[in-house]
Amino acid sequence: MIKAKGYAALSATTPLVPYTFERRDPKEHDVVIDIKFCGICHSDIHMTKDEWKFGSMYPMVPGHEIAGVVSAVGSKVTKFKVGDQVGVGCMVDSCRECTNCKQELENYCIPGSTLTYSAPEKDGSGITQGGYSNVIVTNEDFVLRIPDGLPLDKAAPLLCAGITTYSPLKHWKAGPGTKVGVLGLGGLGHMATKIAVALGAEVTVISHSDKKREDAFKFGAHKFINTKNADEVTANALYFDLIINTVSSADLEMMSLLSLLKLDGSMVNVGAPEKPLSINVFPLLLMRRSLSGSAIGSIKETQEMLNFCAQHKISPEIEVIAPDQVNVAFERVLKSDVRYRFVIDMARL
Ligand code: NAP
Ligand code: ZN
Ligand code: ZN
């Protein structure tokens, strides 16, 4: 076994604490990764606090925005070698047999993909543990290559915030001639903005205060709406083809937000609030609008997104922190006081 150290939640109601544990020795197709950086996703907060009531398992080492360097490989690994710069995102395995896995859509694996942390390992060996740690052992099929030109600290958030926004933008065909709204300018929202701009869409950030107005334009947005100003909202009725909802809270005026969509427009939810959204169906009926959702992205699409970001020189705005600052960082994320992703430097463990 490989000795590992990191930070873990021991229960839903206690702060993260230093934690030592073991990783499996690499199997034939496993890659051992020295973790250099791990992003803090709002999902880590939902999960450690068991807000989704998915049956979070403790001790829980969170973290699914992992970037590092390969330090060893199993005897049959063909895709990676020692020294490669790699990443691991939200899943580390899937059934590989269902119709969705067969179409390389492991993120929609029907029995359920194996999440990077707080999920039972397929071989029954225990519970997966995530990236707030110094080492991880992952099957090569779920490891991503980080292209040259993307520094590891800035690459880390792409493994969740990047792919979770890239995937729906591609699926709903954001590009030249489309008007895209990005609801919520946090970790996911700022990546959605940068990616949608690079795809050639006209992009509007829809935020719940004026605090991020300037930043939105810095990230390439063409317009900004503060939802607290009713006039700004009504002036943009029937405007958007697509709204990507990245908000972590259900405290949203869905009626007025849906009215921003034009005929046949879609709002895609990637935000995953603890509480249900409250929807009045009339804005959907009246303009044949759609309300849908999207979960991360496949391994193939994640690699495509990493290459796209390297090619277009897109990367997140990050604040690098030491591991012992993780609880303060959680508090700041909850107050929307992050510009725009915390990334933990594992060298300081
Ligand atoms: P984040 O950095 O905290 O950003 C969330 C943003 O939502 C905030 O910056 C804020 O933007 C807005 N917001 C927060 N509270 C609000 C409120 N009460 N009213 C209105 N707006 C509010 O979080 P994140 O890491 O980007 O994650 C966002 C959500 O996506 C989380 O629920 C997370 O679990 C989920 N997620 C889903 C997937 C998936 O596969 N679908 C993957 C990753 C994450 P403004 O200040 O601009 O309004
Ligand atoms: Zn995430
Ligand atoms: Zn499957």
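Figure 1. Elsewhere, salt bridges with shared partners join Lys79, Asp93, Arg96 and Asp141 into one network. The structure as a whole, which is a predicted model, holds 21 salt bridges.

Figure 2. Asp215 and Lys218 form a salt bridge through their side chains, at 3.2 Å from N to O. Both residues belong to helix H6 (residues 213–218), and because they are 3 residues apart, about one helical turn separates them. Asp215 is buried, with a relative accessibility of 14%, whereas Lys218 is exposed, with a relative accessible area of 63%.

Figure 3. Strands S2 (17–23), S6 (91–93) and S8 (135–139) each contribute at least two lining residues, and S8 gives the most, with 4 residues. Arg24 and Glu121 form a salt bridge in which the closest N and O atoms are 3.4 Å apart. This pair links distant parts of the chain, 97 residues apart: Arg24 lies in the loop between S2 and strand S3 (30–39), and Glu121 in the loop between strand S7 (114–115) and S8. Glu121 counts as partly exposed, at 22% relative accessibility.

**Figure 4. The site of the zinc ion (ligand 3).** Four protein donors, the SG atoms of Cys95, Cys98, Cys101 and Cys109, lie 2.3 to 2.4 Å from the zinc ion (ligand 3). The arrangement is tetrahedral because the 4 donor atoms subtend angles of 103 to 122 degrees. Along the chain, the donors follow the spacing C-x2-C-x2-C-x7-C. Cys101 is buried at 9% relative accessibility, and Cys109 is buried at 8%.

**Figure 5. The site of the zinc ion (ligand 2).** Cys41 (SG), His64 (NE2) and Cys160 (SG) coordinate the zinc ion (ligand 2) at 2.0 to 2.2 Å. His64 lies in the loop between helix H1 (42–48) and strand S4 (66–73), and Cys160 in the loop between helices H3 (152–155) and H4 (161–171), so the pair ties together parts 96 residues apart in sequence. His64 is buried at 8% relative accessibility, and Cys160 is buried at 5%.

Terms used
Residues are numbered from 1 along each chain as its sequence is written. Chains are lettered from A and ligands numbered from 1 in the order in which they are written. This is a predicted model: local features need pLDDT of at least 70, side-chain atom pairs count only at pLDDT 80 or more; totals for chains, interfaces and linings use all residues. Side-chain values use heavy atoms; hydrogens and water are left out. Donors are N, O and S atoms within 2.8 Å of the metal (3.2 Å for Na, K and Ca); water is not among the atoms, so sites may look incomplete. Four donors count as tetrahedral if all angles lie between 85 and 135 degrees; four count as square planar and six as octahedral if opposite donors are over 155 degrees apart and all others between 65 and 115; anything else is irregular. Buried means under 20% relative accessible area, exposed over 50%, partly exposed in between (1.4 Å probe, protein chains only). A salt bridge is a side-chain nitrogen of Lys or Arg within 4 Å of a carboxyl oxygen of Asp or Glu.
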